[in-house]
Amino acid sequence: MAHPYHIFIWKKAPFLRLLIPVIVGVVLGFYCSPGIFLILLSGAFLFLLFILFSLMPEKIRYRFKTIQGVILFVFFIVFGSFITRQKDIRNHTEWYGNYNDTGSYIIATIQESPIEKAKSFKAVAIAGSVINKGVQRETKGKILLYFSKDSASEKLKYGDRVILSKPLNPIKNSGNPAAFDYARYCALHQLFHQAYLKENEWILLKGRKTGYWLSFIYGVREKGIAVIKKYLGDNSESSIAKALLIGYKVDLDKDLVQAYSNAGVVHLIAISGLHMGIIYVGLVWLLSFLPVIKKSRPLRIILTLVCLWFFALLTGASPSVLRAAVMFSFIVAGSAFGKRSSVYNSLAASAFLMICFNPFILWDVGFQLSYLAVLGIVIAQKPISNWLYFNNKIVTYFWQLAAVSMAAQLFTFPLCLYYFHQLPVLFIFANLISIPLATVALYGCLLLVLVSPINIAALYVGKAVFGVIWMLNQGVLFFDSIPFSVWKNVSISTVETFVLYGTLCSIVYFFLQKNKRAFKMSLVFSLVFLALKIDGSWKTHSQKKIIVYNIPTHKAIDFISRHYFQFVGDSMVMQDKLLHNYNVRPARIAFRLKENTLTSNNFYKRDDFYQFYQCKLLMIDTLVKYQSPESKIALDYIVLSKNARVKIEDLEKIFDCKKYIFDASNSLWKIGQWKKECEELHLQSHSVSEQGAFVINL
C-alpha cells in the first residue's frame, strides 16, 4: 500500500526531522530568552536520557522507539535555543556595549565599502576596542556609522580604522503604527547602536585592517561595477544591469523599483534562487557539449559547484547570494545520488545548515520567500503544467514558464500580502516577458565581464545588453501603467497569514492526494479566516483615534474615524513618496483607511484649535500670545511643533491641559527645555522624537 504523501516526504527527507525542532528552538530562544544554565542543564539531561535508552535491551528500544524520537526532537529544540543565545553578541563578555560608557572612545574598522546617501556615507564597522578611563579593552560587535559628507569621509574605504569620540545611540524605531520595525531588523543583523559623525568627531588612524577574502570579494565587485558603468553608461539600464549581475542596488531609481514590484518581477533585481537557477541551467547546457566532462558525473557536479560559487563571489557574496548558493549546492550535490536523493531533503539540509550558522536568518524576508518559492515550484509546478498540453515547443516553453511562475507565487502570495501589502495581478504575463529578457541580460552581463579586456568585443556586447535591458524596463513600465495591474493596500495580520497558509496547504494537499479530510480542513481554515476579517472590519468600523507621527523635522497628524481620515501637517509628508510610504502609509493600510475626508459632525477646526469627537486639542507652531481668561480653558492635549517660541509655564496659566505633546519637528534641545519645565510644574508630557509616535484612542 502506498504511503500518504506527507509520510512519503517525511521518510525521503530525514533532514526535516532535524530542521523542524531546530526552528522551534530558535523561535523559543529568540522570544523567551532562556538562561544559559537552563539550556545546558536541559541538554545534558536529554543527552543522558538518550544514552540510558540506548543501553536498554533491543526489544524494549524497539517497543518504545517513539520515546527515543521524542528525546531527540526535544534535544534539537534545546540545541536551537542554544545556538540562538550563542549567536547573540550581547551575551558575550567581549561585546563593546558592556564597556561603552560616557566619555569612552571606540576604535572601529570599516567592514564594507561606505554607501553614499543623500547627506552622509553609511558604513557598518566592527568595534575592535573601547578606551575607557585610559584603559583599552579588546571588544567585538558591529555598529552602524553615518559620516557627514566632506573631503575626509569621501575617501573612506573597506578596512580603514577610525577612532570615535562621539557616544553611540541605541537604534530605535519611529514608533509609528505598523511601520517597519527598523530596530528589530538591525538587531537580527547584530546591530544595536549607531552614530552620526561630523568631521571633528572621528579621526582616521594609520594602517588598514583588511582580510584577503573580503578584499578579493570587494575587488571583484568593484571590477564588475566599473565594467558595466564603462560600457552601459550612467542610466537606469546600467543600474538594472548592476542589480542583475552583482545585486548592487544603491543607484536604482525608486520609481523603477516600485514599477518592478507592481509588475510582480521585483525578484529579478534581487540576486536569489532564480539567478542561481539561470546560471545552473546555462552550466548544464554548456557542460553537456564538452566531450570529457559530459561523460563524468562527478566532474560535472564539481565544475557546476565551482562555477555557482564563483558567481556568488562575483555578486559580492551578499547574504541573499550565499543563501541561494548554499541551497543550490545541496540540490546539485543531492542530484549526484540519483533516485536516492530528494529535493525536499536537499532544501531541508541547506536550511538546517544556514540556520545553524545564523539562526536569525529565519526572520529574513528573502530567506522565507526563497524557500517558499522553491517549495512551491517543487510541489505544484508539475501538476499545474499538466493542466494543458501543446504540440508546439515554443508555446510549451512559455506554458512551463507560466507554470513555474504560478507555482512560486502560489506559496509566496500570503507572505507578500503580509510584508508588502500588495499583490501583482498580472504577474504571470509580466514574468513571461521579463524572465526570458532577464535571462538573456544576465548571460550578457557575464559575457561582458569576460570579454571586457577586449575593448571592441565589450563595446558590441555592451550595446546588446543595453538593448535587452531597455526592452525589459519598457515591458515592466507597460505592465505597471495598466490601472488594475496591482491589488494595493491589503492589510493582513500575522494570525491571518498563518490561517491563510493553513487554507492554502489544505487545498494543495486535497488536489494532490484527493484527501477529503484536507478539503474539510480547508473549509475550517477558510471560515476562521473569514471570521478574522469580519472581526477586523468591525474594529475598523468602530475606531476613532489621533496619531501624531514621528517623522524627523516634520509635523504630521492623522485624525481617524472608521475608514476616513483627515491629515494635518507639512505638505511635504504627502508629496515625498519616501516619507509617506515609510512613515504614514503603513498605518493607513493597517487601519484600513480609504478617504482623506471627515464629516463636520465629528471634526471641527478653528485656527489652531481642533475638536475631534469629545477630544479637544490645540496645535502651536509659532510665537503666540494668549490673553489670560477668567478661568483656565480645558484641553485634552497641546501639540507643540516647529520649535514654537512659547514657555510651558505661560501656557499652564491659560490652559488646563492633560498632556503636552512635542512632535518630531522640534529640535531635541528645545524638547529638553519643555520637558524640564513640565517636570517642574508636575505636568505630563510626551516627546515623539524620543518616545515614538503618540496614538490617542478615543
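This is a predicted model: local features need pLDDT of at least 70, side-chain atom pairs count only at pLDDT 80 or more; totals for chains, interfaces and linings use all residues.
Side-chain values use heavy atoms, with hydrogens and water left out.

The axes of helix α13 (residues 343-357) and helix α14 (residues 365-385) come within 11 Å and cross at roughly 170°, where axes are lines fitted to C-alpha atoms, for helices over the stretch in contact, and angles run from 0 to 180 degrees between N-to-C directions. Helices here are DSSP runs of H or I with at least four residues, and strands are runs of E with at least two, numbered from the N terminus. That angle makes α13 roughly antiparallel to α14 (a term for angles over 145 degrees). On the α13 side, V343, Y344, L347, S350, A351, M354 and I355 meet F367, Y371, V374, L375, V378 and I379 of α14, contact being heavy atoms within 4.5 Å. These residues divide into 12 nonpolar, 1 polar and no charged (Ala, Val, Leu, Ile, Met, Phe, Trp, Tyr, Cys and Pro count as nonpolar, Asp, Glu, Lys and Arg as charged, and the others, Gly among them, as polar).

Helix α9 (residues 254-263) packs against helix α17 (residues 455-481) at an angle of about 65°, with the axes 8 Å apart. The two are therefore roughly perpendicular to each other, the word for angles of 65 to 115 degrees. From α9 the contact draws on L256, A259, Y260, N262 and A263, and from α17 on L472, N473, V476, L477, F479 and D480; the residues comprise 8 nonpolar, 2 polar and 1 charged.

The side chain of S522 reaches the backbone oxygen of F519 at 2.5 Å, and, residues up to four places away in sequence not being counted, S522 touches T503, S506 and I507.

K166, by comparison, is found in the loop between β6 (161-164) and β7 (169-170), and at 26% relative accessibility K166 counts as partly exposed, the class between buried and exposed, the latter being over 50%. Its C-alpha atom is separated by 7.4 Å from that of A195, 29 residues apart along the chain. The side chain of K166 reaches the backbone oxygen of Y196 at 2.7 Å, and, neighbours within four places in sequence aside, K166 is in contact with Y196, L197 and E201.

Definitions and conventions: Residues are numbered from 1 along each chain as its sequence is written. Angles under 35 degrees count as roughly parallel, over 145 as roughly antiparallel, 65 to 115 as roughly perpendicular and the rest as oblique. A polar contact is a pair of N or O atoms within 3.5 Å; within protein, one must be able to donate a hydrogen and the other to accept it, and residues adjacent in sequence count only if both atoms are side-chain atoms. Buried means under 20% relative accessible area, exposed over 50%, partly exposed in between (1.4 Å probe, protein chains only).
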